[in-house]
Amino acid sequence: AEEVWALKLVRYERERRELIRAECKALTSRSYSALSTMAIKNYYKILTDPQYAHEAPAQEHRELDEFVRHLRRKLRAAQLPGSTEEIKDVLAKILNSIVNRYQIDE
């Protein structure tokens, strides 16, 4: 029974990452313009840099919170568990890979 539960948790985590990755990809492909590039960079910095998060404008925090709420709705629709903190953790990792892949200046 414990092994089955562990396998379910792993499956949920993988599906959660895939869904969040797809949404981030949609964000970048929406229009790979300076605006979406800045949004990606700012979301990443807010999630990972406490100094920047403290100094960031409220609008950037609202946009990030709105994106996280969007991801939570998508996860619920897919019937996948995930708290806001778990989503932010996965989102930070995915945004890190996007920032590094596209070499977005920090």
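Select R16: is this residue buried or exposed? R16 is buried, with a relative accessible area of 5%. Keep in mind that this is a predicted model.

R16 and E86 form a salt bridge, with the closest N and O atoms 2.9 Å apart. R16 belongs to helix 1 and E86 to helix 5, so this pair ties together parts 70 residues apart in sequence. E86 is partly exposed, at 39% relative accessible area.

Next, select E13 and R17. Their salt bridge has its closest N and O atoms 3.1 Å apart. Both residues sit in helix 1, 4 residues apart, about one turn of the helix. R17 is partly exposed at 25% relative accessibility, and E13 is partly exposed at 25%. Show E13, R16, R17 and E86 together: salt bridges link them in a network.

Stay on helix 1 and pick R11 and E15, 4 residues apart. Their side chains meet in a salt bridge at 3.3 Å, N to O. E15 is partly exposed at 29%, as is R11 at 34%. The whole structure holds 6 salt bridges.

Now turn to the largest nonpolar core, which has 26 residues. Select I20, C24, Y43, F67, L91 and L95, which touch the most other members. Helices 1, 2, 3, 4 and 5 each give two or more residues to this core. Helix 5 supplies the largest share, 7 residues.

Finish on F67. Beyond its neighbours within four places in sequence, F67 contacts E23, C24, L27, Y43 and L91.

Terms used:
Residues numbered from 1 in each chain as written. Predicted model: local features only at pLDDT ≥ 70, side-chain atom pairs only at ≥ 80, totals over all residues. Heavy atoms only, no water. Core = buried A, V, L, I, M, F, W, Y, C linked by side-chain atoms within 4.5 Å. Buried < 20%, exposed > 50% of the residue type's maximum accessible area, 1.4 Å probe, protein only. Contact = heavy atoms within 4.5 Å. Salt bridge = Lys/Arg side-chain N within 4 Å of Asp/Glu carboxyl O.
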